[in-house]
Amino acid sequence: MKEKLKKIIHHLKTKKVAYGDARYVFNTNQSIAVKGQTVEAISQSDDMGIGIRVIVDGCWGFAATSSLADEDLIKTANLAVKIARASALTKKVEVQLAKVKPYIDNYCTKYKEDPFLTPVDEKLELLFKITDTLRVNKAVKLAEANMNFFRTKKIFCSTEGACIEQEIVESGGGYTATAVAGGEVQKRSYPASHRGDYACAGYEYIRQMGLLENAERVADEAAALLKAPDCPATDTTVIITGSQMALQVHESCGHPAELDRVLGTEISLAGGSFMTLDKLGSFRYGSPIVNIVIDSTAEGGLGSFGYDDEGIKASRSHVIKEGIIVGYLTSRETAPVIKSVSNGCMRADGWNSIPLIRMTNLNLEPGEWEYDDLIADTKDGILLDTNKSWSIDDKRLNFQFGTEIAWQIKSGKIGQMYKNPVYTGMTPEFWNNCDAICNKKHWHIWGIPSCGKGEPKQTAHVAHGTSPARFNNVTVGVSK
Amino acid sequence: MIGESRIFSTLRSIIQKSEADQTEAIFIGSYSGLTRYANSYIHQNVAESNATIFFRTVIDGRVGVATTNSFKRNDLLRTLNNSLMIVKHQPPNPDFKGFPRPCKYKKVKTFFEPTVAYTPRQRAEVVRKICREADKFKLTVAGAFSTSSSELAVINSNGVAAYQPLTTAGINLVAMSDNSSGFASGLSRRVVKIPFESITKTAIQKCLDSRNPVDLEPGKYDVILEPEAIAEIMNWLTYIGFGAKPFLEKTSFLSRNIGKKVMGTQISIYDDGADSSGLAAPFDFEGVAKKKVYIVKKGIANSPVYDSLYAAKGKTRSTGHALMPGSGEGPMAGNIFIAPGKKSKASLIAGVKDGILVTRFHYINGLLNTPKALMTGMTRDGTFKIKNGKIVGAVKNLRFTESITKAFSRVGGVSKETRLVANWWDDFGCCSSPTIMIKRFNFSGKTEF
């Protein structure tokens, strides 16, 4: 395959492109979903092709094909050139790329058990044991469990001489118990909602998730929610735990820190960002204990890799340092705008997509609190866990999240369970009210395999390392 | 384009090799181009040629799915075998009653050569005109303009053989000033039918009219929801409520309510994949003809949509709303129509004493409480104050949190004009919507712009 890519690169050079790259991607996905004692969906998909990106006349062109025949690849390369020339009809400035070292390298995810070699029977046995356990509680009317495995092989070659081969392996899954009574529906999920938790890892990740061990508790909580009172509407202190903290970071820091959004190139669909360039280095995004890093080197993180889809080596850098905006998620084209170099966030979701600035592992650094101490230190508040709904404005300021479950915290103790909790706020005000973050012991990298962006729409696999954190003066219970 | 005869002959020859009791193959070919612009220049410009082939096999009620995007014979055979391997490792699905049998579906013209022949340069020329028009008003523009052709073919060992070529063209456009924005969009199977000039004018005028927006306190306001705003709500209703999966699982607002009044009598929502005034696609991904299904008729909950699996579970017949195999999402309504009313949009606005006009919603989420269809979302790209029947200026964007069934029970009027809006189903669906006036719509929050 490398030879085919090299031929494309040679052809692009004969076309005198200012820059060109060719990316071969072969994605394999195995997806298993069960409902009760029935297999809801089980499938294996292969998807491969080559995407060719060029700069001609100072503008971008991209064309992709699933046909690997030599004549089709040359046709596709020529189409990319033609498209770039069409782009030049509206050119304002020449596309300039930050200079980089062209790497020749290989990278492979570290994993112990190849998830595609683990027998389907074994996977189904575990999933059915989970749904059986969930259904022991008679209030649970719907027990769903799933696993997903991904293998991405890709080769990237550029006219600058880069040639990088990578193999990324990802595993994950989760389950949901849905309790129904009358017109009331309540769900509890483990370890996270919306298909569970994922990592760059093999089947060993599934084995250590504690899936079966938590099933009884999850079912009982779903059933208990049916009888729980609604979360009260109040302004209070909240402690956010689990995957909800990850989604809070994702929506209110990750997306607004994408430099393409900041520069307006995602405005028509996903929107812009309040984290404008004038705020870099001075704007107080959060309290001094808030540190957020973009880190594609984090071992096991779903956003980890060797190189991004522009050939930039994985790296770690701050976006928020001691509460101040100090960086963005960047690309070779955008980094020079802030007089910086790319921190390697350009990723495409397949051979047929152009790379966009995407989150990798965007992590809230752990603080110093023990979780039990944090609860004990909270006089009056609400504990929120597991995302249910999410919504945020197109500059990422006003957000509203719903969680599956909440508990009252009274005089340092967890008390009454609440259903239908919702909280809302404005991003900087919210993060400036963060006064405690739990320590490394409670820190986990949550993998999200479904981050949408771009036109045509792309779905990225991203992750967020978070631990439970406390926020004061938060408006809760606004759904009424 | 590979074409009907080559697709059928190739897939038939593969199916004949299958050891399964029943075998199905689905071919989705896609040849698309998309020109994306922002800050009044083209910054992304892409083309893709792809074909995905699904094999679904059944042995003793056990179902396996495997997918490839290679049309080479060896890869197709390997994928068929992958599907059979999956089948062998799972228990029977008692709800699965077999693949559909052949049926007649309405012949609808969905393929138009000028859309296929549209070049990247032609798309760029349209964008250039839009940019130049915006320049005249010192505005910038952003959006995307796509043209595509696709082929959908479904073939199974029961004799189903359905083929439909499709073309689609769509544009969206945001015009922006320092403190305002305006949105407009267009969608058609025929690129020549998209009124680029009027779309540009609408977005620019909305942007100019929404300059210097003022703060408005959240609360209950009468609202005029334009088609783009309604279509976004319909996307979520489709997902959480219109399909047989949430219906039978009792998480839909339709569950327990069939035959009961769930919305105002002015609201009728139906799905019609054979209506060429929308983006028609006359059969589903199992090759079953799409039936016209009233989901809500004059405010009364009528029926969800079904595929063959959920039809068996619900002891009824498929309505032709299967998705691609392996999705696990159940059947979906993709060709949504909301019946128009008798009033003009202008008269709806004239009837509002103190209210808000919403051009478009952003980032709606409908998972808050699905049996109540409780949703939240933000306004964007043109939110206006209406006073005594007239638009008097722009307001900063607001967050709504509302039960959509309750909101649609307080309808003050439905416009006779409708517009096609793109939805989540790309080439295979859309939403045709009027403008709707709703009384006392609940805005629960606000933002800074």
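# Exercises on a two-chain model

Strand E19 (residues 422-426) of chain A is a mostly covered strand, with four of its five residues buried (a residue is buried if 20 or more other C-beta atoms, placed from the backbone, lie within 10 Å of its own, exposed if 12 or fewer, and partly exposed in between). Helices (H or I, at least four residues) and strands (E, at least two) are DSSP runs, numbered from the N terminus.

Before you start: this is a predicted model, in which local features need pLDDT of at least 70, side-chain atom pairs count only at pLDDT 80 or more, and totals for chains, interfaces and linings use all residues. Residues are numbered from 1 along each chain as its sequence is written, while chains are lettered from A and ligands numbered from 1 in the order in which they are written.

## Exercise 1: the partners of E19(A)

Work out which strands E19(A) is joined to, and in which sense.

*Solution.* Two strands count as paired if DSSP finds at least two bridges between them.
- Step 1. Look at E17(A): five bridges join this strand to E19(A), and the two run antiparallel. Here A:Phe401 has A:Tyr423 as its bridge partner.
- Step 2. Turn to strand E23 (residues 469-476) of chain A, joined to E19(A) by two bridges, again antiparallel. A:Tyr423 is bridged to A:Val476 in E23(A).

## Exercise 2: the faces of H1(A)

Find which residues of helix H1 (residues 2-14) of chain A are buried, and describe where they lie around the axis.

*Solution.* 
- Step 1. Check the length: the 13 residues reach 18 Å from first C-alpha to last, close to the 18 Å expected at 1.5 Å a residue (the expected span is 1.5 Å times one less than the number of residues).
- Step 2. List the buried residues of H1(A): A:Leu5, A:Ile8, A:Ile9 and A:Leu12. Seen down the axis, they fall within an arc of 100°, so they line one face of the helix (the arc is that of the directions from the helix axis to the C-beta atoms).
- Step 3. Turn to the face away from the buried side, which carries the exposed A:Glu3, A:His10, A:Lys13 and A:Thr14.
- Step 4. See what covers the buried residues of H1(A): strands E1 (19-35), E2 and E5 (140-158) and helix H2 (70-87) of chain A are included.

## Exercise 3: the interface

How many residues of chain A are in contact with chain B, and which element of chain A gives the most?

*Solution.* 
- Step 1. Count contacts (C-beta atoms, placed from the backbone, within 7 Å): 65 residues of chain A meet 73 of chain B.
- Step 2. Strand E2 (residues 38-56) of chain A gives the most to this side, with twelve residues.
- Step 3. For confidence, the predictor gives the complex an ipTM of 0.95 and a pTM of 0.97.

Terms used:
Two residues are in contact if their C-beta atoms, placed from the backbone, lie within 7 Å.
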